[in-house]
Amino acid sequence: MHQHFSLPLYQMFGTDYRFVPEHLRDVLLAAHDRHCNAEKILQQTEEGVLEMYDQYRRDECWDGWQTRSGERRCLQLLLKTRKRLMDKMFHQTEETFCRFSEINDTLLDLSRDACKKIMALYEAWLKDEEKEWANDCQVCGRIFAEGWEEKETPTGDEKADADYSRMMAIIEEVDERDLLHVEFSGSPDYTLDDGWKWKCEVNSSLLFSYGGPHPYGDFVMCRAFQHLYSESLYSHQDILRIKMFWADVALTHQRIVTPQGKLL
């Protein structure tokens, strides 16, 4: 079927807009109209997400990687549009500001703990690794969001009639989940130098207020919170419903040899 070229959609999403079925493209366009009925377009957007997700899951039954890749990208664009609409309807209060600040503090502490654990694993590997395995290792740590829960207290979304349970479950599946990712490949002569310190910098240089009005103050966002708030597919209202934040830290033991079996 011939697909008509859409300049506005191309300007917003590049050629990826072609992964969106034609009957849903008007929804994307309408969502970027500042005078749109946000509640109505939100409902249409979430219906589109559920429609495409059903197709995405059906195509798991066959080896259709390119098709599923396009459907996944379509879901990301629709969920990005949902985030835009939800954020537009969000009403900041002192309570929600304090809760965002609390989440930021939690992610900052979790990021620091993950970096400390990475260093501890590497130092233990240097000390205790068997000689035949002591030529290299891969150390990495990541933080991601997991689960959702109902909130009895206001979350700034009194006007947003959103399908949180299904939308947040789909976000977990199709979004790039890592809020923070740190890794390095280490050998016995590898030193945790200034480059490592840069990788482990857990604060961003951005204020939560983004230079706008500061009715309740501001705070410096850590890298994990900045990604969650600005770059992930979670809306502000979703973030206030996240059930837990999860840190994984792992060390992969690596044995590398030449074709003759000599340890490198």
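Author: Strand E1 (residues 136-148) pairs with E5 in the antiparallel sense over 12 bridges. Strands pair if DSSP finds at least two bridges between them; helices (H or I, at least four residues) and strands (E, at least two) are DSSP runs numbered from the N terminus. This is a predicted model, in which local features need pLDDT of at least 70 and side-chain atom pairs count only at pLDDT 80 or more, while totals for chains, interfaces and linings use all residues. Residues are numbered from 1 along each chain as its sequence is written, and side-chain values use heavy atoms, with hydrogens and water left out.

Reader: Which residue in E5 stands opposite Val-139?

Author: Leu-251 in E5 stands opposite Val-139.

Reader: What is the strand order of the sheet?

Author: The order is E2-E1-E5, an open sheet of three strands with antiparallel pairing. Strand E2 (180-186) and strand E5 (242-254) are the edge strands, each pairing on one side only. On average, neighbouring strands are turned by 15 degrees against each other, direction ignored.

Reader: Which helix packs on the sheet?

Author: H5 does, touching E1, E2 and E5, and its direction makes about 15 degrees with that of E5. Contact means heavy atoms within 4.5 Å. Axes are lines fitted to C-alpha atoms, for helices over the stretch in contact, and angles run from 0 to 180 degrees between N-to-C directions.

Reader: And how do H5 and H8 cross?

Author: The axes of helix H5 (residues 94-128) and helix H8 (residues 223-231) come within 7 Å and cross at roughly 135 degrees. H5 and H8 are therefore oblique to each other; angles under 35 degrees count as roughly parallel, over 145 as roughly antiparallel, 65 to 115 as roughly perpendicular and the rest as oblique. The contact includes Phe-100 and Leu-107 of H5 and Phe-225 and Tyr-229 of H8.

Reader: Back to E5: is Lys-243 buried or exposed?

Author: Lys-243, which lies in strand E5, is exposed, with a relative accessible area of 52%. Buried means under 20% relative accessible area, exposed over 50%, and partly exposed in between (1.4 Å probe, protein chains only).

Reader: What does Lys-243 touch?

Author: Not counting residues up to four places away in sequence, Lys-243 touches Glu-146, Gly-147, Trp-148 and Glu-149. The C-alpha atoms of Lys-243 and Glu-150 are separated by 9.1 Å, and these residues are 93 apart along the chain.
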